[in-house]
Amino acid sequence: MDERRQDNARQSALDYHEFPRPGKLEIRATKPMANGRDLSRAYSPGVAEACLEIKADPTTASRYTARGNLVAVVSNGTAVLGLGNIGAAASKPVMEGKAVLFKKFANIDCFDIELNEPDPERLADIVCALEPTFGAINLEDIKAPDCFIVEKLCRERMNIPVFHDDQHGTAIVVGAAATNALRVAGKRFEDIKIVSTGGGAAGIACLDMLLKLGVKRENVWLCDIHGLVHEGRTEDMTPQKAAYAQKSDLRTLGEVIDGADLFLGLSGPGVLKPDMVEKMAERPIIFALANPTPEILPEDARSVAPRAIIATGRSDYPNQVNNVLCFPFIFRGALDVGATVINDEMKIACVEGIAALARATTAAEAAAAYRGETLTFGADYLIPKPFDPRLVGVVSSAVARAAMETGVATRPIEDLDAYKRKLDGSVFRSALIMRPVFEAAATTERRIAFAEGEDERVLRAANAMLEETTDKPILIGRPEVIAMRAERAGLPIRPERDFEIVNPENDPRYRDYWETYHNLMARRGVSPDIARAIMRTNTTAIASVMVHRGEADSLICGTFGQYSWHLEYVRQILARDGLHPVGALSMIILEDGPLFIADTQCHQDPTPEQIMETVTGAARHVCRFGLTPRIALCSHSQFGNLDSHSGRKMRDAMQLLDARAPDFMYDGEMHVDAALDPELRERIFPGSRLEGKANVLVFAGTDAASGVRNALKMCADGLEVGPILMGMGNRAHIVTPSITTRGLLNMSVLAGTPVAHYG
């Protein structure tokens with residue numbers, strides 16, 4: 001069975017690399033190439049202008065070419081993973097994979113370059129000759145000691161960052177893990193004894209980093225296959241190993257391990273034995289990083305040291321030391337400030353950023369990617385997970401700051417806070433478009449009631465609200481369940497201490513709530529018994545009563561159940577004093593910007609009056625995002641060419657809008673392609689009121705609107721903000737079950753800001 005499973009895994013990996021097209025990379029154009037004018041600018045004669053600018057000032061290459069965001073991953077294939085010297089061609093899948101990680105995690109473009117050159121000095125010559133093409137060089141899988149020579153020569157001769165990830169990437173992640181492991185163990189760098197196995201590139205770089213973090217040179221004991229590296233030894237010595245030679249009569253790992261606080265393994269399987277672990281200090285820290293089989297398996301280490309703090313290089317154990325936590329983000333920061341080198345200060349900034357992030361509340365996106373794992377800072381969570389979306393903002397901005405402070409940045413960034421927000425926006429796609437709303441929310445303090453307060457997404461959103469906004473969450477749910485789930489999710493928030501809670505099973509306001517509901521609904525068939533039952537079981541109704549009574553400013557519901565069901569109770573209780581549900585507006589964030597869709601939920605077959613209200617409400621809400629509304633009334637009919645039901649409704653809605661003469665741009669009825677393609681629209685209907693590409697599509701029914709919304713989410717990788725319930729004075733919003741934690745946070749901020757009247 002195991003052999004069959006291994007065969008299946010092998011074939012699956014090969015298929016992944018072969019289909020649907022060979023390899024893991026492609027080149028895509030970033031500029032249009034649709035006509036002769038585009039061609040004349042992209043190539044001759046227009047390209048000459050960019051060439052002449054760069055000739056006059058070489059630094060402008062980062063303005064007119066991709067160089068400023070382009071990294072070369074270079075290898076000669078002499079030390080590939082655990083496969084050894086397999087040659088340059090065989091290393092290409094690994095280098096392509098590295099390029100994919102650069103793009104995925106930091107949006108850095110990358111060329112993989114595999115070179116048939118074993119001589120380190122000639123290899124350095126080739127790499128140095130690449131400088132005009134690239135903004136930085138990532139050396140990869142070059143055997144020791146050749147890698148030291150290549151990096152040294154390239155760093156001396158090149159004016160761009162050169163970074164050997166096998167050395168420094170590993171060292172940075174080990175430094176971050178060690179920082180937090182010592183914090184958990186209650187120890188300090190300057191006091192600990194370290195025993196390390198493996199004198200290769202990664203092992204030496206890790207020791208160098210630990211010294212920079214405060215470890216004393218005399219407390220480091222380095223062993224390799226020949227035993228302790230000691231003064232006077234000549235066998236298999238390099239200058240890098242000699243720097244750690246001890247003056248001692250001890251010779252074996254078993255002899256020097258006594259009293260060690262930290263074991264650092266970058267060697268091979270089974271090197272560290274359980275009896276050696278028994279000799280280590282109290283609460284030993286064991287970094288067994290050999291892959292795929294570590295120096296000791298965690299279960300074997302814990303059999304003799306139950307309180308050991310352990311990291312490996314494997315993903316099936318906690319605390320995987322993975323270079324992807326480092327290299328995309330250190331390059332991102334270095335490229336963005338035009339750094340000429342990656343220096344020690346930038347590496348330490350990277351260490352500190354990674355370590356601090358692990359101690360912070362876990363990101364909801366990371367928790368979703370690693371469902372079932374406990375991501376709470378401690379012995380089993382020393383470093384963040386690679387898919388933690390906060391890494392790029394925290395680490396890259398720290399690296400950029402360090403580059404600027406040490407004078408190696410040629411393009412300093414004036415506003416690092418804005419830079420970090422931009423980086424966050426590259427990961428949280430809603431971050432930039434939501435920025436005006438977040439800024440408006442910071443000027444007020446509103447109480448937001450969450451009807452489904454026991455949902456983990458709601459708990460994470462409430463925690464994020466407390467961290468990022470001035471609004472106050474109110475959670476409806478059982479206190480013991482909320483507390484248990486918050487603790488399980490690794491969140492610091494607790495009921496009553498950090499937020500108000502309403503317990504449907506036992507709340508002192510219960511009588512006030514059911515009486516309020518009964519008074520509102522007594523003449524609509526609701527008896528006292530029904531009112532009591534609803535106020536015990538229906539959290540949407542409870543939240544609505546709270547808003548009605550002024551105990552909350554707005555409510556958010558809908559993380560489960562049908563939208564129409566929630567809407568009914570919101571309408572019963574809050575649709576008063578001129579407020580009524582106008583329509584649901586969904587903002588879909590696409591690669592080229594946001595597109596608003598309405599009405600996706602409220603009116604299945606709206607009247608022209610309801611369509612007119614939807615258009616007007618959409619215009620107001622679009623303005624909240626700092627955008628100018630350009631609204632298209634969409635139908636199967638196009639400018640009167642069909643006498644269809646939807647066409648007639650849209651034409652009638654246009655007449656109602658025209659009578660009001662609102663101060664925003666709109667036109668219809670039209671097809672979606674005409675709404676989004678100004679040239680097509682001009683051919684069909686010259687002189688349309690709509691200018692440019694529409695950013696709001698209003699449909700004649702929820703079937704069409706919801707269908708387009710879902711198609712954009714699933715087929716165009718659209719990210720939804722909403723649905724925004726219009727017409728209720730921002731007193732209620734009903735989300736959908738597919739919403740994420742980030743989506744709930746966005747909705748809470750929308751609920752926490754006033755709607756400016758427009759039109």
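**Domains**

I looked up the domain division and found domain 1 (40-160), domain 2 (168-317), domain 3 (324-426), domain 4 (440-574) and domain 5 (583-727). The bounds come from an automatic or database domain assignment. For domain 3 and domain 4 I noted 36 Å between the centres, taken over C-alpha atoms.

I note that the model is predicted, with local features needing pLDDT of at least 70 and side-chain atom pairs counting only at pLDDT 80 or more, while totals for chains, interfaces and linings use all residues. Numbering runs from 1 along each chain as its sequence is written, and side-chain values use heavy atoms, with hydrogens and water left out.

I turned to Asp-165, which lies in helix H8 (residues 165-185). Helices here are DSSP runs of H or I with at least four residues, strands are runs of E with at least two, and both are numbered from the N terminus. Is Asp-165 buried or exposed? Asp-165 has a relative accessible area of 1% and is therefore buried. I use buried for under 20% relative accessible area, exposed for over 50%, and partly exposed for in between, with a 1.4 Å probe and protein chains only.

I then checked the salt bridges (a side-chain nitrogen of Lys or Arg within 4 Å of a carboxyl oxygen of Asp or Glu). The search of the whole structure gave 43 of them. One joins the side chains of Lys-98 and Asp-165, at 2.8 Å from N to O. Lys-98 belongs to helix H5 (residues 92-106) and Asp-165 to helix H8, so this pair ties together parts that are 67 residues apart in sequence. I found Lys-98 buried, as Asp-165 is.

The Asp-165 side chain also makes a polar contact of 3.2 Å with the side chain of Asn-323. For a polar contact I take a pair of N or O atoms within 3.5 Å; within protein, one must be able to donate a hydrogen and the other to accept it, and residues adjacent in sequence count only if both atoms are side-chain atoms. Leaving out residues up to four places away in sequence, I listed what Asp-165 touches: Lys-98, Asn-138, Leu-139, Glu-140, Thr-170, Asn-323 and Phe-327. Contact here means heavy atoms within 4.5 Å.

**Other salt bridges**

I looked at Arg-390 and Asp-388, whose side chains meet in a salt bridge of 2.7 Å, N to O. Both residues of this pair, Arg-390 and Asp-388, are buried.

Next I took Asp-424 and Lys-420, which form a salt bridge with the closest N and O atoms 3.0 Å apart. The two residues are separated by about one helical turn, because they stand four residues apart in helix H18 (residues 416-427). Asp-424 is buried at 15% relative accessible area, whereas Lys-420 is partly exposed at 29%. I also recorded a network in which salt bridges with shared partners join Glu-500, Asp-507, Arg-509, Arg-549 and Glu-551.

**Helix H24**

How many residues of helix H24 (residues 539-549) are buried? I found nine of the 11 buried, so the helix is largely enclosed by the rest of the structure. The buried ones are Thr-539, Thr-540, Ala-541, Ile-542, Ala-543, Ser-544, Val-545, Met-546 and Val-547. At the N-terminal end of H24 I found Asn-538 as the cap, with a side-chain oxygen 3.1 Å from the backbone nitrogen of Thr-540. After H24 comes Gly-550, with a positive phi near 85°.

**Backbone entries**

I noted a cis peptide bond between Phe-19 and Pro-20, with omega about -5°. Pro-20 sits in the loop between H1 and H2. The bond from Asn-291 to Pro-292 is cis, with omega near 0°, and Pro-292 is placed in the loop between strand S9 (285-288) and helix H13 (298-304).

Phe-639 has a phi near 50° and is in the loop between strand S17 (630-634) and helix H27 (645-660). Asp-717 has a phi of about 55° and lies in the loop between helix H30 (702-715) and strand S20 (719-726). Asp-717 is exposed, at 53% relative accessible area.
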